[in-house]
Structures are given as structure tokens and as C-alpha cells.
Amino acid sequence: MIKKLLIALSLWLLAACGAPGTPTPTLTPTATPRPTATPRPTATPTPISICPPQNLAAEWTPPDRFDGYPQAIRAYLSQGGTTANLLAILRNASSISDQWGGVFSIDLSGDGEPETIASIIDPFSTDQATGPSGLLLIYGCENRQVTQWYSNIAPRPNPLPRIVQTGNFIAAPRGNQIAVQTESCGASTCFSRFEVLGWNGQTMVSLLAEPLELPSAQYQLVQVDADTPIEIEAQKGVIGSIGAGPQRTDKQLWDWNGAQYVQVTSDLSPIAYRIHAIYEADDAFSAGDYQKAIDWYSRVLTDDALKDWLSEIGYANAHDRDTLKSYARFRLLLIGLLRNDANASDQLSALTTEYPEGSPVHPTQQMSQLLWDKYQATQNWAETCAAVNLFANEEFKIIDDLGLFGYANRMYTSDDMCPIK
């Protein structure tokens, strides 16, 4: 009995202490996480202004004469004078009114700092019928210095240059542009010049491929297609002088091509005068479109609804209808010979019948006869045209009569008669 108790006690102790060879479990240590560090903010450098620091106590020194304003304004801005104070100063000096002039800011260069634009009037020109004269000035900054970037001066009696619009017309990656209209007025007509100005990194430049200056014109910036840049619409009027002759109005569209504004369309008003039908025919001839040229020269001959300018204004000894009809037949003869038409000689026959010796335009019949004879003899266009043009130069009345339609229309030379080389 005692032996059995001893065996049971031994087995219990072995179970409690673990069997021989059984490893004692080891606890896996757990790392205590360190506190997360709060990131320090990255220091943002304070931008350094390229303009003088603002100074509300900047002193204004009024110029002795109106043409001294550009320098006086630059000196004021160089002291840190503000645009708001400059506006008040120029109003007090009667250089800005409720209707004319102004001071404002816009970032033209794209550097993040606005440039200053000042439009001021000459107080002694406010009674002009066309509006007061004046100045349009643009100032920019560099190295905390103020410089004059642009100046547009309208001396009397021309009116103040007008700011049409400002903004990013061309979808530039930075900066803006300014559209300016300038008038130059004569006794009867004002010519209007339109410019879009932009910053090229060094100065303000025109963004037009060529000057845009038209009589009695109207301009506007419009969105006519799907691309982002906006277009220029120009409406040409007429010169209000009888000496300018008959004219056609013209509606033009200028588009941004990625580098400049270029003219892309020109829609002329319908032709009312015979001389303009001649121009259409001449242009088609120069372009090599002989069928179109024939159509217009033929209309000169047959369309009695076309007006004759010199006769209309009562010009002494006016014979412009015969001048233009004989010239049209001469050109039809020239085209007929160029194309080797079988009926080309019909034009020479008509000229001979209609404009015999004694007619004011008989020299055109003689020029046509020379054209026919010389080409038949030589079959050489260089020789033929040289002889014809020499005749036109000697019989200068042919050229003079074609140039009697006013200074707004074309002037001809003898070399224009037979331009085939």
C-alpha cells in the first residue's frame, strides 16, 4: 500500500515539473514603439519684389510741361508711389477725367508683379472735336527700379490712344496682352491703327505680322473658332474725300498663328463701279486664273449697271467708260493670244471699230494692234511685251487715264500693260 502511494506521488511530481527533454516555452519580446516625430514645415522663401517698396509718402513733382509727364510719373513710381495715389494726383491735375484717361495695373510680363498703365490727356486739348490728345504709358520694374516700357504719344489734333481691351488673348502660358487703338485724323477722315502689344522678355512689341491701319475703322476682339486664342475683327470704312475716288469697304479677320496675328480673310463689299471690276479682272489675270479674268473683263464691257466715277462727279471731258472698256478688250486680246484662242482677233476688230483715230482712247487700239502684230511676227512674249510697254510709256495718256480714279485706288505703270516675261 505504501509502495503504491510512493509511485503515485512520483508521477504527480513529474507531471508538475515537466517531462525530461521538453523545453520550457520562452516569451517573444515585443518592441515598444517610439513616439512618431511631428514633421517640421518646409520654410517657404518670401518672394523678393522687383519693384520699389510701397511708400505712401512718395512725393509728386509736377512737370512744367505736358511732355514732362512720362518722367514725372516714372520718378513718382520709383519712390514707391501707388497707382491709387497716382490716379488721384493726375485727376487733380486735370490729366484724367470721368470720360478720358485712367491708371491701372495688370501683369503683362508674367513675373507675378503687375505693371502700371497710365492714360492721360492734355488738358489744353479737351475742346477738340475728335477728343483730347494725350499719352499712353506703360511702366515696369527690374531690380527695384521703375522703367518706361512703352509710350504712345498723340499730338494735337489726334485723339488719345484708346485701350480697347486687356487680357490673355493668345492663351500664353503667362502674362497678358493689351490692345490699343490709335487715331490719326486729317481734314476729312481718321485712320485707325490697331495693335496688340505683348512682352517679349525685353520690351513691349506688336504681335501683328504687319501694321493694321484702316480709314474710319472699327475693331473688336472676338471668338470665332474653337481654339483658345481670340481673333481680331477689323471693319474698314471709306476715306471721306472726293479726291480718294470710289471705294469698297472691307471686313477682315486676323487670327493668332502661334507666333503672330495674321490676316486670314478679307470680305470686300459688292462691286458698284466699273474701275473695281477692272481690278478684280486684273487680280485674276495676275493669279493665272484666266477664266475668272475673262468673266470680269466681259462684265466691264456688258454690265450697264456699273457706275462710271468720273462721269458721276462731273469730271471735265470724262470718258472713263471708254477708257476701261478699251483696256478690258486689250486684256481679252492678250489672254486670247496666251491661250491661242481662235477668236482672239475679234477683240482687235472691235477695238478698231469702236475707237478709231480721233477717239480719246485710240492709243489703246494702237497698243492692241502692236500687241497683235509683234506677237504674230516673233511668237516671243518677252519681245512682244517689251515693245508694247515701251509704246504705253511713250503714249502716257493710256496710263494717265487709268490712274484718274482717286488716291485710294491703284496707279498703273507702262510695265503693267503686258506683264508676260
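This is a predicted model: local features need pLDDT of at least 70, side-chain atom pairs count only at pLDDT 80 or more; totals for chains, interfaces and linings use all residues.

Colleague: At what angle do α4 and α7 pack?

Modeller: About 15 degrees. Their axes are 10 Å apart. Here α4 covers residues 274–286 and α7 covers 320–339.

Colleague: Parallel or perpendicular, then?

Modeller: Roughly parallel. The cut-off for that is under 35 degrees, so α4 and α7 qualify.

Colleague: And is the crossing left-handed or right-handed?

Modeller: Left-handed, as α4 passes α7.

Colleague: Which residues meet there?

Modeller: From α4, you have R274, I275, I278, D282 and F285. From α7, the partners are R321, L324, Y327, A328, R331, L334, I335 and L338. By class, that contact has nine nonpolar residues, four charged and no polar.

Colleague: OK, next pair. How do α2 and α3 pack?

Modeller: At about 145 degrees, with 11 Å between the axes. The α2 helix is residues 69–78. This crossing is right-handed.

Colleague: Which residues make the contact?

Modeller: Y69, I73, Y76 and L77 come from α2. N85, L86, I89 and L90 come from α3. Seven of the contact residues are nonpolar and one is polar, with no charged ones.

Colleague: Switching to voids. How many cavities of 30 Å³ or more?

Modeller: One. The largest cavity holds about 70 Å³ of space.

Colleague: What lines the largest cavity?

Modeller: T323, Y327, P360, V361, P363, T364, K397, I398, D401 and L402. Y327 is also one of the α7 residues that meet α4.

Colleague: Which elements give two or more residues to that lining?

Modeller: α7, α9 at 362–378, and α11 at 397–402.

Colleague: Which one gives the most?

Modeller: α11, with four residues.

Colleague: Last topic, backbone. Where is there a cis peptide bond?

Modeller: Between R156 and P157. Omega is about 5 degrees. P157 sits in the loop between β4 (145–154) and β5 (162–167).

Colleague: What about phi at S94?

Modeller: Positive, at about 60 degrees, although S94 is not a glycine.

Colleague: Where is S94 placed?

Modeller: In the loop between α3 (83–92) and β1 (102–106).

Technical notes:
Residues are numbered from 1 along each chain as its sequence is written. Side-chain values use heavy atoms; hydrogens and water are left out. Axes are lines fitted to C-alpha atoms, for helices over the stretch in contact, and angles run from 0 to 180 degrees between N-to-C directions. Angles under 35 degrees count as roughly parallel, over 145 as roughly antiparallel, 65 to 115 as roughly perpendicular and the rest as oblique. A crossing is left-handed if the near helix is turned anticlockwise from the far one by less than a right angle, and right-handed if clockwise. Contact means heavy atoms within 4.5 Å. Ala, Val, Leu, Ile, Met, Phe, Trp, Tyr, Cys and Pro count as nonpolar, Asp, Glu, Lys and Arg as charged, and the others, Gly among them, as polar. On a 1 Å grid over the protein atoms alone, a cavity is a set of points where a 1.4 Å probe fits but cannot get out, and a pocket is an open set with protein on both sides within 12 Å along at least five of seven lines; lining residues have an atom within 4 Å of a point. Grid points are joined across faces, edges and corners, and a volume is the space filled by probe spheres set on the points.
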